[in-house]
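Please open the structure in your viewer and keep the selection panel at hand. The tour below goes from one selection to the next and says what is to be found at each stop.

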Amino acid sequence: MNPPVRVLYLAGSGRSGSTLVTTVLGQYDGVFAAGELRYLWQRGELENRPCGCGRPLRDCPLWDRVRRELPTDRAAAIAAGLRGRLRMRGLPALLRRHRRGLRPVPAHPDDAVLADLYAAVARHTGARVVVDSSKLPPYGALLGALPGIELRVLHLVRDPRATAFSWRRRRGLDGDTDPELMSRPPVWKAALLWLVWNTVTVRLWGDRAPAGYLRVRYEDLTADPEATLRRIVAFAGADPDGGPFTGPATVRLTPTHSVAGNPSRHRTGPVPITADVQWRRDLSRWSYALVTALTAPGLRRFGYPWRRGGPAPAGAGRPARGGPAATGGRSVGVGRAGSTGHEEG
Ligand SMILES: [Zn+2]
């Protein structure tokens, strides 16, 4: 019997820095940045979109070795099966099953293939930790119930006014030249998705802290990148020494083999990690008010201020260390260059 594969699952809403975190994690010894593996079947296998290394996925030597162990001829059916099982409308039933101690996502014949995928990735990379930045909580719940997988959940949260602004940017799915754009939901929808996915993430895994659940805010991460990444790597059970930091807020990135995700996953070389705060200047008053109203319960829970630049509400979580209230003005950071995470909603 092989030891279980440890999967660090990045959960939460999109545009919260998950692509950046995944790429940086992939630079540590024993950690493999797999990217958004829930898209492996559709965007990787069927559409042959680029791997993090730049090659079309089916031409990547690493994924070639992994794919040989998988029924790739069934990719379309597996992708369709996943879409069907992870629909938003199944969420109430999923939470009900979780409360009763049942499998949140019912078993399915393809589960054996998914378990084989993670085992093959661990075997061919030699990694102790496989980072999956799929983000969608139902997919994480599905993974956590698979045999041979030990799930640790990293919950990334970012100010919902920032994520709503980020969702509206025009961005090619695989870079500026890609005619297929990443999804651009209206701000009200981005706000509701933020509230739903972050709330569900806490419901599913919040009580597993500290060993199985770690919550990190984008604002705290960008205020102190090296220390925050060390905390995440230690939580994942890997060695936090010898990472890619050349300064407290600068990393040197080498290519990863991540599947899907924000186009910034292809960036290499020295990359500064700074907060992307363009939204503070450019998000309209109306959008700010709408997102604030729709996400109010989450703002309090995750410690974000209601007013632009205002203090966090009383009873909120940890204060932001140099977080949103402290970082004014315009900072051109990794987010502007496209490093924040994304999700297809
Ligand atoms: Zn590759």
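Begin by selecting Arg 217, which is found in strand 5 (residues 213–217); helices (H or I, at least four residues) and strands (E, at least two) are DSSP runs, numbered from the N terminus. The model is a predicted one, in which local features need pLDDT of at least 70 and side-chain atom pairs count only at pLDDT 80 or more, while totals for chains, interfaces and linings use all residues. Residues are numbered from 1 along each chain as its sequence is written, and side-chain values use heavy atoms, with hydrogens and water left out.

Is Arg 217 buried or exposed? Its relative accessibility is 6%, so Arg 217 counts as buried, where buried means under 20% relative accessible area, exposed over 50% and partly exposed in between (1.4 Å probe, protein chains only).

Next, select helix 8 (residues 160–167), which is mostly covered, with eight of its eight residues buried. Among them are Pro 160, Arg 161, Phe 165 and Trp 167. The buried residues of helix 8 pack against helix 9 (187–205), helix 12 (278–282), helix 13 (285–294) and helix 14 (296–302), a contact being heavy atoms within 4.5 Å.

Now turn to the aromatic side chains, where a search of the whole structure finds four aromatic pairs. Rings of Phe, Tyr and Trp (its six-membered ring) pair if their centres lie within 6.5 Å, and planes under 30 degrees apart count as stacked, over 60 as edge-to-face and the rest as tilted. Select Tyr 9 and Tyr 139, whose ring centres are 6.3 Å apart and whose planes stand at 45 degrees, so the pair is tilted. This pair links distant parts of the chain, with Tyr 9 in strand 1 (residues 5–12) and Tyr 139 in helix 7 (residues 137–144), 130 residues apart. Both Tyr 9 and Tyr 139 are buried.

Arg 43 lies over the face of Tyr 39, at 3.8 Å from the ring centre, and Arg 158 lies over the face of Tyr 218, at 4.0 Å from the ring centre.

Notes: A charge sits over a ring if NZ of Lys or CZ of Arg is within 6 Å of the ring centre and within 35 degrees of the ring normal.
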